Amino acid sequence: MTQLIINGIYLPETSRDKYQCYPEELSVNVAMISGRTVREVRGHVQMISWSYDYMGNDQWRQLAAVLRSGSAFPVVYLPDDSDKMVSGTFLTETVTQPTFAFSRGGVGLWHNVGFTLREVSPHD
């Protein structure tokens, strides 16, 4: 089952609590002249957390180039409230820097690949 496609890169299905996709409220607390504090809700953004145990050199380098670019990129993802894939534009919030695990057949495998993405524009 495909869970995540980042900038055309199909990521492998991950399991055991290593994929999360949920809406997060985008809000700000505003101090009123009267002294009251009110919360202004501006919408919701999707948050995606994904991690994987081992990933080969080629795929990691393609993914790292997108995640480390600092630019927004297209993502097709599986939300927690639907069985259909949805698309959006995201930015990288965090990247867990992987470690070189071992090589297999002359190809390096990277261990503990992970990241968190945030949708660029709020909706609702």
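Is Arg16 buried or exposed in this structure? Arg16 is exposed, with a relative accessible area of 73%, where exposed stands for over 50%, buried for under 20% and partly exposed for values in between (1.4 Å probe, protein chains only). The structure is a predicted model, in which local features need pLDDT of at least 70, side-chain atom pairs count only at pLDDT 80 or more, and totals for chains, interfaces and linings use all residues. Residues are numbered from 1 along each chain as its sequence is written, and side-chain values use heavy atoms, with hydrogens and water left out.

We can begin with the overall fold. The protein chain contains one helix and eight strands, these being DSSP runs numbered from the N terminus (H or I over at least four residues for helices, E over at least two for strands). Their order along the sequence is β-β-β-β-α-β-β-β-β. The radius of gyration of the protein chain is 17 Å, well over the 14 Å that the globule rule gives for 124 residues, so the chain is more spread out than a compact globule. Here the radius is taken over C-alpha atoms, and the rule is 2.2 Å times the number of residues to the power 0.38. Along the principal axes, the C-alpha atoms of the protein chain fill a box of roughly 70 × 30 × 25 Å.

Of the 124 residues in the protein chain, 32% are buried. The accessible surface of the protein chain is about 7,600 Å², with 48% of it belonging to carbon and sulfur atoms; such areas come from the Shrake-Rupley method with a 1.4 Å probe, and for residues only the protein chains shown count as cover. Among contacts (heavy atoms within 4.5 Å) between residues at least 6 apart in sequence, 61% join residues at least 24 apart. As for charge, the mean positions of the 10 positive and 13 negative charges are 6 Å apart. In that count Lys and Arg are positive and Asp and Glu negative, while His and the chain ends are not counted; each charge is placed at NZ of Lys, CZ of Arg, CG of Asp or CD of Glu.

Next come the aromatic rings. The structure holds five aromatic pairs, a pair being rings of Phe, Tyr and Trp (its six-membered ring) with centres within 6.5 Å; planes under 30 degrees apart count as stacked, over 60 as edge-to-face and the rest as tilted. The rings of Trp50 and Tyr52 are stacked, because their centres are 5.7 Å apart and their planes lie at 10 degrees. Trp50 is buried, with a relative accessible area of 2%, whereas Tyr52 is partly exposed at 24%. Trp50 also forms a stacked pair with Phe115, at 5.3 Å centre to centre and 25 degrees between the planes. Trp50 belongs to strand E4 (residues 37-56) and Phe115 to strand E8 (residues 107-119), so this pair ties together parts that are 65 residues apart in sequence. Both Trp50 and Phe115 are buried. Through ring pairs, Trp50, Tyr52 and Phe115 are linked into a cluster.

Two further residues of strand E4 deserve a look. Val41 lies in this strand and is partly exposed, with a relative accessible area of 45%. Leaving out residues up to four places away in sequence, Val41 touches Glu25, Leu26 and Ser27. Gly56 is also found in E4, and is partly exposed with a relative accessible area of 23%. With the neighbours up to four places away again left out, Gly56 touches Gly108, Leu109 and Trp110. The C-alpha atoms of Gly56 and Ser103 are separated by 8.9 Å, although these residues are 47 apart along the chain.

Helix H1 (residues 57-67) has Asn57, Trp60, Leu63, Ala64, Val66 and Leu67 as its buried residues. These pack against strand E1 (4-6), strand E2 (9-10), E4, strand E5 (73-77), strand E6 (86-96) and E8.

Finally, two loop residues stand out for their backbone angles. Asn7, in the loop between E1 and E2, has phi near 50 degrees, a positive value in a residue other than glycine. Asn7 is partly exposed, with a relative accessible area of 41%. Arg16, from the opening question, is found in the loop between E2 and strand E3 (19-31); phi of Arg16 is near 60 degrees, again positive in a residue other than glycine.
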